[in-house]
Amino acid sequence: MPTDAVGRFLAALDPDHREAIGSRPREEQQRLAAAWERELEADDELDTLDELSPPAAEAEAARRVLGREAG
């Protein structure tokens, strides 16, 4: 299991997004991973989900970050 933020962020993505983000420059991966960590820390709804299913909370935070990137 990955321990760095980028690795954990990539693991939270669905396979298609993981491949796409994994091919981007490391700096961009780090920026997205930092946004993902902020999303996890800042959202109370994700805190509740995290208690029930940490992988689901991480995946939801990843979807939100990518949604903002695409938006």
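A polar contact here is a pair of N or O atoms within 3.5 Å, where, within protein, one must be able to donate a hydrogen and the other to accept it. Keep that in mind for the opening stop, and bear in mind that you're looking at a predicted model.

**Stop: Gln-29.** Select helix 3, which covers residues 26–42, and pick out Gln-29 in it. Is Gln-29 buried or exposed? Its relative accessibility is 6%, so Gln-29 counts as buried. Now show its side chain and look for backbone oxygens. The side chain of Gln-29 comes to 3.0 Å from the backbone oxygen of Ile-21.

**Stop: Ala-59.** Next, go to helix 5, residues 54–70, where you'll find Ala-59. With a relative accessibility of 17%, Ala-59 is buried, because the cut-off for that is under 20%. Now select Trp-36 too and draw a line between the two C-alpha atoms. Ala-59 and Trp-36 are 23 residues apart along the chain, and their C-alpha atoms are 9.6 Å from each other.

**Stop: Asp-44.** Head over to helix 4, made of residues 44–52, and click on Asp-44. Its relative accessible area is 60%, so Asp-44 is exposed, the mark for which is over 50%.

Key: Residues numbered from 1 in each chain as written. Predicted model: local features only at pLDDT ≥ 70, side-chain atom pairs only at ≥ 80, totals over all residues. Heavy atoms only, no water. Helix = DSSP H or I, 4+ residues; strand = E, 2+ residues; numbered from the N terminus. Buried < 20%, exposed > 50% of the residue type's maximum accessible area, 1.4 Å probe, protein only.
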